[in-house]
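Colleague: I'm new to this one, so please pick a single part and take me through it closely.

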Amino acid sequence: MKIKIIAPILLSMLFTVSCTDLNEQLYDQVEDGNFGNTTKEIDALVGGAYSSLRGFADPISNNYPTCEYVFFLNETVSDEATIPTRGTNWYDGGQYQDAQRHTWKADNRMILSAWRYNYTGIAKINAIIYQINKSTLTEQAKAPIFAELKAVRAYYYYNLLDLFGNVPIVTNFEDTDLPTNSTRKQVYDFVEKELTDAIPYLNGNVVYSKLTKNVAYSILARLYLNSEAFVGVARWQDCLNMCQKVTGYTLTPDFFANFATENQTSSEIIFAIPYDSKAGTVGNYMNSMSAHYNQKLAISATGNYPWSANGMCAQPGVYSAFTDTDKRKKCMLHGDQINLATGSVIMMDNGEPLTYTENLTSLTDAKENEGVRLAKYEMKDGEQWERDHDFVLIRYAEILMMQAECYVRLGSPDLAKPFLQQVVTRAGEEMPTTIDLAFIDQELLKEFTFEGRRRTDNIRFGTFFLPWWEKGATEKYRAIFPIPSSVLTTNKNLKQNPGY
């Protein structure tokens, strides 16, 4: 039996959608108390919280975490990546140019997609918590389930804290009132408390793609690493403390094993979003968003590879930041692209060779072959549009790099060496004589290229506000994005972030 509880859901979701379309396709019904009483039923409900991480698409916005909106938002406002307009392609109302130039407005679709991705996941978890609370399970049995669900929800709120700052905190599925803003400090405190309260109940083992103690420690470490940027209070030692609690992981000898089609076997991945095209998962098509339309001929001799969109590329200077001996440099495509069937350089439709260049002559009218391309995740013959590699959210390399950075910031660079040594040695590089924040910043760029986290690093290091390619100085208020204009239209209780 199902009972319809549409009103509370729509009201809790009202500030996430446009005022003209409230037909959210997700969970407009929840099961009554007859469901959620067996282990199988509980697993199905909790599984819904994890499946929400894969995002969704609807007529309002595209909300997959790997898509050209959600993932690209953090990338294209950083010093790492850009989406130049190429002729008539990739203009899309100027939203990517605005991202590059840090002139975005509240109606930018990438910003709306990031908002809706996170709040839709939160709303789904709130509905699941409501359902389990109505079940016949004992309070003791509910405690670890609620802890896991709230920890996943805290991951979404961490994203919102980072991206938007002053966002509503919505936890009650039955609350029909339109929410108001919480301050960034209140959201920060909420994320911290939700995770610390959950940790005693979370699984302490290494469990792939589940919100375990290790994942919670990792998110808290991120929170403390960025604490000064978020709320003005440095918490470097707290970050170190959390990192030192993460156990059971090692760096994979092969850096690219983390991004292989079968990357679920990696000893390094702490948290990932699982994908399996045979199981019907959708939204994992990021590999097709960067390469040129004819790149398939360099991957398959028969061209048996999905269409590519010729979009995101590295900003000038990123590729050359790597030495030629750095193994990680292969995460980008540069130079002549060879047709596997003929052994010659692939030709573009305009008759010119497909030779990727680091230089971009223009943000507004780049050539088809300009810009070094994303190649971090495995690309192979016969691959489908929906990729099977899992999308990596947290790796053990990040835990090592956070500890190194904190020790440098605390004035003990020698203590950073053992952590940096592991990362640098795997890359085939040598440790520098002096370890300082400039070196840490460059290592973060090279280790995590195209992993969707560079904007946060730029803000923490202060480089976000400096001029770079096709961008002047950035105002401080742009450290967070505006609340989407359509959200403000549907919820008059919300106030726009300062400066917008």
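Modeller: Here is a look at one helix, with its partner and the cavity beside it.

This is a predicted model, where local features need pLDDT of at least 70, side-chain atom pairs count only at pLDDT 80 or more, and totals for chains, interfaces and linings use all residues. Numbering starts from 1 along each chain as its sequence is written, and side-chain values use heavy atoms, leaving out hydrogens and water.

Our helix is H8 (213-225), named by counting DSSP runs (H or I, at least four residues; strands are E, at least two) from the N terminus. It packs with H7 (residues 184-198) at about 155°, the axes being 10 Å apart; axes are lines fitted to C-alpha atoms over the stretch in contact, and angles run from 0 to 180 degrees between N-to-C directions. The two are therefore roughly antiparallel (over 145 degrees). Their crossing is left-handed (near helix turned anticlockwise from the far one by less than a right angle). H7 brings Tyr-188, Val-191, Glu-192, Leu-195 and Thr-196 to the contact, and H8 answers with Ala-216, Ile-219, Leu-220, Leu-223 and Tyr-224 (heavy atoms within 4.5 Å). By class that makes eight nonpolar, one polar and one charged (Ala, Val, Leu, Ile, Met, Phe, Trp, Tyr, Cys and Pro are nonpolar, Asp, Glu, Lys and Arg charged, the others polar).

H8 also supplies at least two residues of the lining of the largest cavity, as do H3 (70-76), H14 (454-461) and others. A cavity is a set of points on a 1 Å grid where a 1.4 Å probe fits but cannot get out, and lining residues have an atom within 4 Å of a point.

Conventions:
Parallel < 35°, antiparallel > 145°, perpendicular 65-115°, else oblique.
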